[in-house]
Amino acid sequence: MGGAQSREGDELSDSEYLSEEEEEEEEKHDEHGTSQVNASLLDDVDSRLKALKLKYPKDSTPPLSQKADVKNAVKLYLHIGGSTPKAKWVVSEKLTSYKFVKMMRVDGEEGDELGLGEGFWFFVVGRKIKVKVSTDLQMRFFGDQRRVDFVDAGVWALKFFSDIDYRSFVTKFQNCLFENVYSLKATDENKLKIYGKEFIGWVKPEQSDDSMWEDADDGVWKSPGKKPIQFPEKETRDLLEEFEEAATAGGIQSLALGALDNSFLVGDSGVQVVKNFSHGIHGKGVYVKFEDGKLGSAQKSSTPKKPLLMRGETNMMLMSPLKDGKPHAMGLHQLDIETGKVVTEWKFEKDGTDITMRDITSDSKGSQLDPSESTFLGLDDNRLCQWDMRDKTGMVQKMVSSSSSPVLQWTQGHQFSRGTNFQCFATSGDGSIAVGSADGKIRLYSRTSMRQAKTALPGLGSPITSVDITYDGKWVLGTTDTYLILICTLFTDKDGKTKTGFSGRMGNKIPAPRLLKLLPLDAHLAGTDNKFHAGHFSWVTESGKQEKHLVATVGRFSVIWNFHQVKNSAHQCYQNELGLKSCYCYKVVLKDESIIESRFMHDKFAIKDSPEAPLVVATPLKVSSFSMSAKR
């Protein structure tokens with residue numbers, strides 16, 4: 001499809017709103033033509049009304065006396081028309097009220113006796129809205145307009161009649177959200193219990209020191225007297241489609257981008273090889289088909305879900321889940337791309353016992369380019385380790401027969417006794433490791449110590465489904481179902497030295513994270529599969545270079561943020577905000593089907609007049625490439 005569309009929040013005024021009754025009437029007129037009324041009759045009615053000396057309000061705002069009788073009074077609006085030119089807001093209720101009530105379920109009775117920690121807070125507006133308080137609401141706050149927008153089987157907006165009313169709502173909502181997530185009342189004591197004194201700025205952003213965001217902005221740690229680089233407030237480039245490549249046999253399951261000549265589309269029955277160009281990836285007509293069209297033996301055939309390029313991108317490790325819907329695997333297949341054959345079927349084993357892994361990744365960003373690479377990292381629910389394809393004498397192992405598999409050597413790592421609920425991990429340029437968990441925590445490990453995290457970032461309670469790190473290790477990006485969380489890992493130690501959380505325990509004025517979110521309308525338009533997945537930075541593998549964009553996938557949307565814009569504390573999205581800074585300025589690439597993955601190519605493929613390498617967007621049936629060039 002075409003280029004990206006830019007998304008920014010719109011300021012709405014009451015003059016734009018129609019009531020639902022007016023909207024229905026307008027639709028009737030559109031359908032049957034304009035109503036015809038005798039002009040003399042209208043003049044007669046008008047003169048009679050004037051004689052009665054009636055007073056009409058200038059707008060639809062209820063009088064103060066009427067609002068005073070309603071507790072938590074608000075005006076409720078509904079957005080109609082989606083993204084069409086006729087899209088608009090209509091007044092659903094000129095005067096209604098909201099409340100937060102605790103119930104066991106959405107159809108439960110209000111006022112039921114609930115014990116401590118039982119039930120959840122629900123958000124209720126009149127008789128039209130009744131929904132559990134969670135991040136699924138995609139609540140967006142407009143302080144300057146005293147308004148909040150949210151999603152619940154449609155896109156809604158509340159307008160408050162005073163600034164006090166608005167601020168009271170925001171506080172109540174955030175407290176109910178905290179209690180629903182942690183099953184603790186939102187007291188200062190409990191917030192300190194969850195976040196610790198070092199991270200209290202995460203839940204009380206007004207106490208956070210954001211100076212580190214500016215200090216780290218220019219790609220090298222700021223030195224005294226150095227001024228931060230100024231970046232434009234709005235993105236001045238468009239994404240323009242260059243190539244579209246149809247999938248070969250069986251469709252696309254996953255994407256493996258290469259930094260050298262080729263990239264790879266992994267499917268059920270084989271791997272499609274495509275050529276890397278400065279304007280994207282394009283087919284070479286080469287297809288590596290698995291033996292008998294299946295990966296593995298006839299008795300143990302499986303669908304590869306996780307590819308990992310190794311050894312100068314001449315080999316690919318393919319990990320296949322044991323069961324559909326579960327990521328865990330007992331081993332992996334090593335594919336020699338040049339010969340098109342599976343050369344080894346590896347087993348995961350520790351102390352003579354077969355174990356599973358849920359994810360694998362390179363030792364460091366860019367290590368796939370090393371032709372002698374023999375090690376990689378593995379992750380399971382409670383394991384973090386490094387695997388080596390060589391035996392204990394340092395010799396590379398090979399498959400002896402189809403009935404026996406060589407065992408990967410566990411070289412270092414740790415098996416945690418208590419439930420860490422690891423979900424995903426990533427590495428930086430120097431091999432530092434970030435691990436995301438189901439409880440929302442992100443743990444930072446140094447390359448040399450996997451037994452204990454240097455820093456445990458508390459997160460915000462939502463499970464981390466994907467994580468990425470910049471090459472220099474100063475920024476971590478976590479993906480949840482409803483938002484991305486961007487974290488600055490820099491801090492100043494007790495000696496005044498600037499470090500990252502990978503090299504020491506973060507403390508002393510840790511900056512609050514920033515959230516990257518969809519506008520409520522886009523979250524609704526993304527459809528039922530409107531969960532974020534696989535958030536990534538653009539791809540660099542060279543010291544001194546800084547990533548320029550972030551990309552994530554949600555449903556049929558590929559969403560791109562300008563990294564410099566997100567880091568800019570003066571950015572327009574952050575003005576008049578209560579709570580954590582959230583960025584809603586992004587571009588969207590829309591596809592006809594759900595997107596599997598969106599990734600930027602290696603920055604070596606960025607051309608002179610472009611600030612970024614091409615973006616590759618893969619769906620089950622095709623892969624598209626978009627280049628970022630001057631606006632046309």
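Guide: Two strands pair if DSSP finds at least two bridges between them; strands (E, at least two residues) are DSSP runs, numbered from the N terminus. This is a predicted model, in which local features need pLDDT of at least 70, side-chain atom pairs count only at pLDDT 80 or more, and totals for chains, interfaces and linings use all residues. Residues are numbered from 1 along each chain as its sequence is written, and side-chain values use heavy atoms, with hydrogens and water left out.

Visitor: What makes strands E12 and E13 a pair?

Guide: Strand E12 (residues 262–266) and strand E13 (residues 270–277) share five bridges in the antiparallel sense; the criterion asks for at least two, so they pair. Phe264 stands opposite Val273 in E13, and a hairpin of three residues joins E12 to E13.

Visitor: How do you know that E13 also pairs with E14?

Guide: Eight bridges link E13 and E14, again in the antiparallel sense. Lys275 stands opposite His282 in E14, and two residues lie between these strands in their hairpin.

Visitor: Why are E11 and E14 called edge strands?

Guide: The open sheet of four strands has the order E11-E12-E13-E14, with antiparallel pairing. Strand E11 (254–256) and strand E14 (280–289) each pair on one side only. Neighbouring strands of this sheet are turned by 25° against each other on average, direction ignored (the axes are lines fitted to C-alpha atoms).

Visitor: Why is E13 described as largely enclosed by the rest of the structure?

Guide: Six of its eight residues are buried, so E13 is largely enclosed. Buried means under 20% relative accessible area, with a 1.4 Å probe and protein chains only.

Visitor: Which side chains make polar contacts with the side chain of Glu612?

Guide: Those of Ser538, at 3.2 Å, and His549, at 2.9 Å. A polar contact is a pair of N or O atoms within 3.5 Å, one able to donate a hydrogen and the other to accept it, so both values qualify.

Note on methods: Axes are lines fitted to C-alpha atoms, for helices over the stretch in contact, and angles run from 0 to 180 degrees between N-to-C directions. Buried means under 20% relative accessible area, exposed over 50%, partly exposed in between (1.4 Å probe, protein chains only).
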